[in-house]
Amino acid sequence: MQSHGGQVRRTGEFRHGCDDYAETSAPDRYTRRSLLRGAVLSPNADPWVRPPIRERMVISGRVVDVSPHVLILQAVTGEQRLTLTPETKAWRGTAVQPAALHQEDRVILRTRRHPQAVERIWAQIGRVTGTIVESRGRELIVDEGPARGRQIVLIDVGSLRQIQVRFPRIAPGYLIDVIGVRRPGYLLALTPATAQPPYRADHPPVPPLVNGHVPEQVSGTAVWHEPGSEPPDLRGVAYPALDPETGCEQPDADRPADPHDAGPGCVRLPYLSVGSAVQIRNECCDVAAVLPVTSCGAPSRLFCDRCVECGTSPRGRLADLTMTAFTELGGNLEDGCFNATLSLPG
């Protein structure tokens, strides 16, 4: 990766996710907001109103067995046997051969439907985004906000210099966003997901005043987060601008005032509630989907970075997608972001 003025430019072979979508059909028609709201609020309903069958689908689960030609996966829907080809790409901290995956690895993969074959696999991938609250050498405790709590991060020895170049202030009060391999109880950080903002988390820049209505479409960056307490196959959005009445940013009793309520961020977004529908378009692939707002994404407001997956996006994070939604829209998890446009369905 190379960072330039808050941008992240990547190097390496495991990328170009939109190449996988060269033959994907046009985005599906919008789904009615009421149906999405009902799907989110009903405990027995699928929180994602599914469009017609696409050329590709995303599956998550744990590895039961793997060979050079077949991956056996324990998914939510049961055991699945999936075909591997010489073109299948896999990531486990770095690009690896699919046969190098381990039994019990937690994976998310993108498959082709016709003919059915696995295109990409991510094993044990994780991400931590938030405010550093403790720092002891390579070990950090990061507050991801009231919705997700605190995470332990251990920076890999071989990655320390690279991460310090992007995040020179590894100290309490500053922001961090890293991607790595999930280990029991912590994230082994291997690569920076962006460049560190120069300000402290509790002193973000004041956004410029803008007159008039919020535009119907807003452009910026889409990122992703780990499931946490969410279902691993959830398709949804942690939205940065939930209605203040939801109280999503209120601190816990044992936590000091949350820095994530420090301001509106650098992207002007309409207030929404859980269950609302938004359309997210991956501008790099020209793939779009209507997704439900499923949780609070307040930490995204603190980052005024850009994504440079295809050109340079405007500053600011529009949506923090679940891993399944991000991957289904053509994003590659190790990249951390894609250039995106957000709009409200009509």
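A salt bridge, as the term is used here, is a side-chain nitrogen of Lys or Arg within 4 Å of a carboxyl oxygen of Asp or Glu. The structure before us is a predicted model, in which local features need pLDDT of at least 70 and side-chain atom pairs count only at pLDDT 80 or more, while totals for chains, interfaces and linings use all residues. Residues are numbered from 1 along each chain as its sequence is written, and side-chain values use heavy atoms, with hydrogens and water left out.

Let me start with the charged pairs. Side chains of opposite charge can pair when their charged atoms come close. Across the whole structure, a search finds 13 salt bridges. One of them joins Asp 177 to Arg 317, at 2.9 Å from N to O. This pair links distant parts of the chain, since Asp 177 belongs to strand 13 (residues 175-183) and Arg 317 to strand 19, 140 residues apart. Strands here are DSSP runs of E with at least two residues, helices are runs of H or I with at least four, and both are numbered from the N terminus. Asp 177 and Arg 317 are each buried, where buried means under 20% relative accessible area, exposed means over 50%, and partly exposed lies in between, for a 1.4 Å probe and protein chains only.

A second bridge connects Glu 226 with Arg 182, and its closest N and O atoms are 3.0 Å apart. Here too the pair links distant parts of the chain: Glu 226 sits in the loop between strand 15 and strand 16 (237-239), Arg 182 in strand 13, 44 residues apart. Both of these residues, Glu 226 and Arg 182, are buried. As for shared partners, salt bridges join Arg 127, Asp 177, Asp 305 and Arg 317 into one network.

Asp 286 also takes part in a salt bridge, with Arg 281, at 2.7 Å from N to O. The location of Asp 286 is the loop between strand 17 (277-282) and strand 18. Is Asp 286 buried or partly exposed? It is partly exposed, because its relative accessible area is 47%.

Next, the backbone. Most residues other than glycine have a negative phi. Asp 286, although not a glycine, has a positive phi of about 60°. Glu 104 likewise has a positive phi, near 75°. Glu 104 is placed in the loop between strand 7 (95-96) and strand 8, and it counts as exposed because its relative accessibility is 53%.

I turn now to the largest pocket. A pocket is an open set of points, on a 1 Å grid over the protein atoms alone, where a 1.4 Å probe fits, with protein on both sides within 12 Å along at least five of seven lines; lining residues have an atom within 4 Å of a point. Its volume is about 630 Å³, that is, the space filled by probe spheres set on the points. Of its 35 lining residues, His 225, Glu 226, Pro 227, Gly 228 and Ser 229 lie nearest the centre. Which strand gives the most to the lining? Strand 10 does, with four residues. Strands that each supply at least two residues include strand 3 (56-66), strand 8 (106-113) and strand 10 (125-136).

Finally, Thr 324 lies in helix 3 (residues 323-328). At 2% relative accessibility, Thr 324 is buried.
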